[in-house]
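Work through the exercises below with the model open. Each task is followed by its solution.

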Amino acid sequence: MSDATTEQKQNFIKVFQSHDPGNTYLLPISMLDQLLFEANVQKVPGILELELPLIKNETELLSITQFVTLCQKLTNTETLYEIYQNFMQRFDTDTNFTLDTVELKQALNFVGENFTQSEINSMMSQIDFDKDGTMGFEDFRKAIGK
Ligand SMILES: [Ca+2]
Ligand SMILES: [Ca+2]
């Protein structure tokens, strides 16, 4: 980890702790916007929508670890996320922000490759890491090795 990254992480922790005088390491999720603002973390449109359900699944509280991890994601994957967004703008015809096998087939047809539905299905099973039947941002990130 570089010094700059360590410094950045310390800053995220400091912002969180400034609202957590009792050192509970937990804050309401509703404070997230304020915390991100103070931590100087740029909100990439859409990415919170992908991350928040994961946090909310557990509780309505945000732990310091979740906050730091979220900040790191938001600061480090901007470029990657832009790529994904462009990809979605082009091929996500039902605009649910993931690609299903039909949309994947269209995307591949677009670049001039003709695959059968069963080839598409087997391709999807290789990139669908979270096994929800579609390619979302997490799958995309893993598929390109991030
Ligand atoms: Ca879709
Ligand atoms: Ca998936």
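Two residues are in contact if their C-beta atoms, placed from the backbone, lie within 7 Å. The model is predicted: local features need pLDDT of at least 70, side-chain atom pairs count only at pLDDT 80 or more, and totals for chains, interfaces and linings use all residues. Residues are numbered from 1 along each chain as its sequence is written, and chains are lettered from A and ligands numbered from 1 in the order in which they are written.

**Exercise 1.** Describe the contacts and secondary structure of the protein chain.

Step 1. Among contacts with a separation of 6 or more, 56% join residues 24 or more positions apart.
Step 2. Helices (H or I, at least four residues) and strands (E, at least two) are DSSP runs, numbered from the N terminus. The protein chain has eight helices and two strands, in the order α-β-α-α-β-α-α-α-α-α.

**Exercise 2.** Determine why I55 counts as partly exposed, and locate its contacts.

Step 1. I55 sits in helix α3 (residues 47–56).
Step 2. A residue is buried with 20 or more other C-beta atoms within 10 Å of its own, exposed with 12 or fewer, and partly exposed in between; C-beta atoms are placed from the backbone. I55 has 19 C-beta neighbours inside 10 Å, so it is partly exposed.
Step 3. Beyond its neighbours within four places in sequence, I55 contacts I29, L62 and Q66.
Step 4. Between the C-alpha atoms of I55 and L70, 15 residues apart along the chain, the separation is 9.6 Å.

**Exercise 3.** State what share of the protein chain is buried.

Step 1. Of its 146 residues, 18% are buried.
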